[in-house]
Amino acid sequence: MSIDRAGLNALMEITSRPELVFVRGQGSWLEDHTGKRYLDFIQGWAVNCLGHNHPAMIEALTRQSQQLINPSPAFYNQPSIDLAVRIVESSCFDRVFFANSGAEANEGAIKLARKWGQLHRKGAYKIITFDHSFHGRTLATMSASGKAGWDTKFAPQVEGFPKAELNDLDSVRALIDDQTVAVMLEPVQGEAGVIPATREFLQDLRALTRERGLLLIVDEVQSGMGRTGRMYAYQHAGIEPDIMTLGKGIGGGVPLSALCAREAVCCFEHGDQGGTYNGNPLMTAVGVAIFDTLSAPGFLDEVNARGRQLSAGLMALSDKWGMKGERGQGLLRALVMDRDDGPALVLAARERTPEGLLLNAPRGNLLRFMPALNVTADEIDTMLAWLDDLITKARA
Ligand SMILES: *Cc1c(COP(=O)(O)O)cnc(C)c1O
């Protein structure tokens, strides 16, 4: 198959994309229009938690598409109930609202916190978020994000998101005033380069928010659904947040996200929240299949074993090449290099022959790894060997 260049120009330009058209995927492997195969350690940005085209997902999509696709969010459907029950039973939350993207779930979390502030905190509306954080690309979630320059792009943005520093409780304390209603953070900052909030910080933050009567919101769009080796990353810290958002892995590749909250916080009145596709049975049926695969006995043990393998392998590469180590939790990891080789390595990895390797460099000196959660030990060894080879060539 050849590429129709005029066709490429029919798509709006939003980023620089390689001239490759991907046609097929299976597990940890993707295939392009020329038949070249790629070992995929991006997986749609940590989205395809079971890799490409997992049989459980295909079965759920096929079965549900033949039965019922969208009765409207104004009526109940069974798959959305089944998935909500699973999330509620596996977490500290009592109710779930389904949406279609991480940003939309976070918008819901922000609205829920502001509503709660109107009802219980005399109209307090400010939500403290963190430098370098990423919460999505809608106006409010861009404003909530701590990415440099995002506060002036598309100005005026949504106000009320003062920024604290991750793992620095005093920086949070200093921002609290009588307009503050919540603190929102990623348990592991993903886009920032895989920076975990420490267990101690999360525990202290929970204590501080309780003491000051503030809500604690965890954005687990990237860290949730087994990515860090627990179903939800907040569980590593032994805390109970008030609100959690899920995305990415919850749909395994199809558009699905969730806003989860404890009963005391569920204060939306009729008409406050909704959306045409929210909780549709086609996506939530996939969510149920994903959830049951992730929670099968032994699955997360295997994620942890593969996480340890990847961590040890990256550490060995770092030692060999005089780099600055590796970090992360479970199968969300980063290699911290000693120079800004990231983009060049990403390019060389993709152009590698006969098989390519798909990697991501969120910062110049950083490679991020987010393979399928069912990646095999052999696939990790293969990736590490190829990466070693690519670094050798880059430094020759
Ligand atoms: C990807 C991501 C989002 C945004 O999710 P979309 O589905 O792209 O809207 C929000 N928060 C975090 C932590 C993410 O990693």
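This is a predicted model: local features need pLDDT of at least 70, side-chain atom pairs count only at pLDDT 80 or more; totals for chains, interfaces and linings use all residues.
Local features need pLDDT of at least 70, side-chain atom pairs count only at pLDDT 80 or more, and totals for chains, interfaces and linings use all residues. Residues are numbered from 1 along each chain as its sequence is written, and side-chain values use heavy atoms, with hydrogens and water left out.

Start with helix H10, residues 299-321. Helices (H or I, at least four residues) and strands (E, at least two) are DSSP runs, numbered from the N terminus. At 1.5 Å a residue, the 23 residues of H10 should span 33 Å; the expected span is 1.5 Å times one less than the number of residues. The end C-alpha atoms of H10 are 33 Å apart, which agrees. Its buried residues include Phe 299, Leu 310 and Leu 317. Buried means under 20% relative accessible area, exposed over 50%, partly exposed in between (1.4 Å probe, protein chains only). The buried residues of H10 pack against helix H9, strands S13, S14 and S17, and helix H12; contact means heavy atoms within 4.5 Å. Just after H10, Gly 322 takes a positive phi of about 65°.

Helix H12 holds Met 383. Met 383 is buried, with a relative accessible area of 0%. Leaving aside residues up to four places away in sequence, Met 383 touches Leu 39, Phe 41, Leu 310, Leu 357, Leu 359 and Phe 369.

Next comes helix H11, residues 342-351. Its buried residues are Gly 342, Leu 345, Val 346 and Ala 349. Seen down the axis of H11, they fall within an arc of 100°, so they line one face of the helix. The arc is that of the directions from the helix axis to the C-beta atoms. On the other side, Pro 343 and Glu 351 are exposed. The cover over the buried residues of H11 includes strands S15, S16 and S17 and helix H12.

Now the charges. The count comes to 21 salt bridges, each a side-chain nitrogen of Lys or Arg within 4 Å of a carboxyl oxygen of Asp or Glu. Asp 292 and Arg 86 form one of them (2.7 Å, N to O). Asp 292 lies in helix H9 and Arg 86 in helix H4, so the pair ties together parts 206 residues apart in sequence. Glu 191 and Arg 368 meet in another (3.1 Å, N to O). Glu 191 lies in the loop between strands S8 and S9 and Arg 368 in strand S17, so this pair ties together parts 177 residues apart in sequence. Arg 368 is buried, at 0% relative accessible area.
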